Amino acid sequence: LQEAMVAVAAGAQGCGLLRTEFLFLNRQTPPSEVEQTEVYRAIAEALRGRPLIIRTLDIGGDKPAAYLPFPAEENPALGLRGVRVSLWRTDILATQLRAILRGVPSKQCRIMVPMIASLSELRQVRTILDGVRAELGRTDPIALGVMVETPAAAMTADILAAEADFLSIGTNDLTQYCLAMDRGNASVAAEFDALHPAVLRLIAATTEGAARHSRPTGVCGGLASDPIATPILIGLGVRSLSSTANRIADLKALVADMTLDHCQCLARRALAASS
Ligand code: PEP
Ligand code: MG
């Protein structure tokens, strides 16, 4: 809530990534539907009608919770994470979706699913969402989008975009899984580069796939706050950037001075670069 108020004061046109897992971490039981509803409602109200992209629980791997006893995993980054946890514990997902529908006006609400690797995962979430809507007697449409954080999602963006209302690229995880480098490992931090041409080609594949179905693509990973990346992302077809609040003014000023031609030219050169 505090960050939402700061972001609006800083000129944000919406919230591109509400990391709901913060509500779920460092406690002994998951937050109740009522508690979640109140928090989501307060954040939506602070945004005063601006769009709110609210990410379903992204827990597991680097973000464990005491009340979710994960089986021991040799490689948690490749195990039960993101949407996989939600589809393992559909009770928690259904409660969260109910709280979102109750707390956030449908016009403002965009629900986003993390760590998607296959269309079937999105379909399962949509089925649960439709069940919750029916239960609440809701007929207004609710936007449901995917986070593109796996190379699988980027390479099949056209298939996902046929059924997702929007795509948003999580460059932190996309870089980790593309370069096979742990995002939290200091030993590989020097080479962990979200502007690596391999990552940029995955971003290009995403925007192309989304465009085939006229779906918008945003970026909500750390790269969206990097002014060096801004023209390249726009040149690749990204049309919304979710940055940290303290960067909003500088990024807006930067974008206001750019032409699309220049951005597209830079993007073409970056895609062809060797490093
Ligand atoms: C990302 O992976 O880029 C992202 C935005 O999600 P998180 O950093 O919360 O994993
Ligand atoms: Mg992520």
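Let's start at the ligand: a backbone N or O atom of Asp173 sits 3.0 Å from an oxygen atom of ligand 1, a polar contact (a pair of N or O atoms within 3.5 Å). This is a predicted model, where local features need pLDDT of at least 70 and side-chain atom pairs count only at pLDDT 80 or more, while totals for chains, interfaces and linings use all residues. Residues are numbered from 1 along each chain as its sequence is written, chains are lettered from A and ligands numbered from 1 in the order in which they are written, and side-chain values use heavy atoms, leaving out hydrogens and water.

Side chains reach ligand 1 too. A polar side-chain atom of Arg55 is 2.8 Å from an oxygen atom of ligand 1, and an N or O atom in the side chain of Arg183 is 2.8 Å from an oxygen atom of the ligand. Around ligand 1 there are 14 residues, counting those with a heavy atom within 4 Å; Arg19, Arg55, Gly170, Asn172 and Arg183 come nearest.

Now for the sheet. Seven strands form an open sheet with parallel pairing, in the order β1-β2-β3-β4-β5-β6-β7. Strands here are DSSP runs of E, at least two residues long, and helices are runs of H or I, at least four, numbered from the N terminus; two strands pair if DSSP finds at least two bridges between them. At the edges, β1 (15-19) and β7 (240-241) each pair on one side only. Strands β3 (residues 109-113) and β4 (residues 143-148) run parallel and are joined by four bridges. Met112 has Gly145 in β4 as its bridge partner.

Notes:
A polar contact is a pair of N or O atoms within 3.5 Å; within protein, one must be able to donate a hydrogen and the other to accept it, and residues adjacent in sequence count only if both atoms are side-chain atoms.
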